[in-house]
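Subject: Structure for you to look at

Hello,

Here is the structure I promised to hand over. Please open it first, then read my notes below.

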Amino acid sequence: MNIKDLVRTIPDYPKAGIQFRDITTLLEHPTGFRRTVDELVQPFAGSGISLIAGIEARGFILGGAVAHQLSIGFVAVRKKGKLPWQTISVEYELEYGTDEVEIHIDSIEKGDKVLIVDDLIATGGTAAAAVQLVRDAGGEVVGASFVIDLPDLGGRRRLEAMNVPVLTLMSFEGD
Ligand code: AMP
């Protein structure tokens, strides 16, 4: 079984020209989900990670499973306005306009070793904002793990330029 075969591609979603890489079909597959989580964890087992930061929304599913597997805690990186307690936030550029991600002000302690998890890295804008958030909170970003890389959009290079090691399990050419 190749986990890449379990990712569904939906052309022209959510708008014309975008090939949406849908991981719901991978998550629905019992051994596919397990294999994915195992592969996301494996390079980091024993490297002293103390916290997973999962990016809304699919990063919650994957990051939660990774945190469980490593027996460590999970921090939700959420879109602006969703978290109930005091937050710190970072704004980032979109193709049109800006967006903002937040974490709870007390969710990361100084010196925490944090692994960022999401389903896919495209331009890297969202993940770069998450890296900034973790660093602003005093945490150390040990790495960033994604199921899917869209290499043509340059996200991996962008994170590596911030000194963040990047793990991806598969890649799709194009955007
Ligand atoms: P970016 O900030 O450009 O790296 O975009 C990454 C975020 O957008 C991730 O949370 C992805 O879930 C989502 N995303 C971007 N492009 C795609 C795509 N082609 N298929 C599925 N999700 C995408």
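**Salt bridges**

E56, R78 and K82 are linked in a network of salt bridges. A salt bridge here is a side-chain nitrogen of Lys or Arg within 4 Å of a carboxyl oxygen of Asp or Glu. Side chains of opposite charge can pair when their charged atoms come close.

Before you go on, note that this is a predicted model, where local features need pLDDT of at least 70, side-chain atom pairs count only at pLDDT 80 or more, and totals for chains, interfaces and linings use all residues. Residues are numbered from 1 along each chain as its sequence is written, and side-chain values use heavy atoms, with hydrogens and water left out.

By the salt-bridge rule, the count comes to twelve. Three pairs are worth a look.

Start with R8 and D22. Their closest N and O atoms are 2.9 Å apart. Strands (E, at least two residues) and helices (H or I, at least four) are DSSP runs, numbered from the N terminus. D22 is buried, at 8%. The cut-offs are these: buried is under 20% relative accessible area, exposed is over 50%, and partly exposed is in between (1.4 Å probe, protein chains only).

Next, R34 and D38. Their side chains meet in a salt bridge at 3.8 Å, N to O. Both lie in helix α2 (residues 30-41), four residues apart, about one turn of the helix. R34 is exposed, with 52% relative accessibility. D38 is partly exposed, at 29%.

E100 is in strand β6 and K80 in the loop between β4 and β5, so the pair links distant parts of the chain, 20 residues apart. E100 is buried, with a relative accessible area of 14%.

**The sheet**

In what order do the seven strands of the open sheet run? The order is β5-β6-β4-β3-β7-β8-β9, and the pairing is mixed. Two strands pair if DSSP finds at least two bridges between them. β5 and β9 (166-171) stand at the edges, each with a single partner strand, so one side of each has no neighbour in the sheet. Neighbouring strands are turned by 20 degrees against each other on average, direction ignored. Axes are lines fitted to C-alpha atoms, for helices over the stretch in contact, and angles run from 0 to 180 degrees between N-to-C directions.

β5 and β6 pair in the antiparallel sense over seven bridges. T87 has H104 in β6 as its bridge partner. Helix α2 packs on the sheet and touches β8 and β9. Its direction makes about 145 degrees with that of β9. Contact means heavy atoms within 4.5 Å.

**The cores**

A nonpolar core is a set of buried Ala, Val, Leu, Ile, Met, Phe, Trp, Tyr and Cys residues joined through side-chain atoms within 4.5 Å. The largest has 27 residues. V77, I103, I108, I116, V134, F146 and L159 touch the most other members. Helix α4 gives the most to this core, with seven residues. A second, separate core of 23 residues includes V41, A67, L115 and L150.

Best wishes
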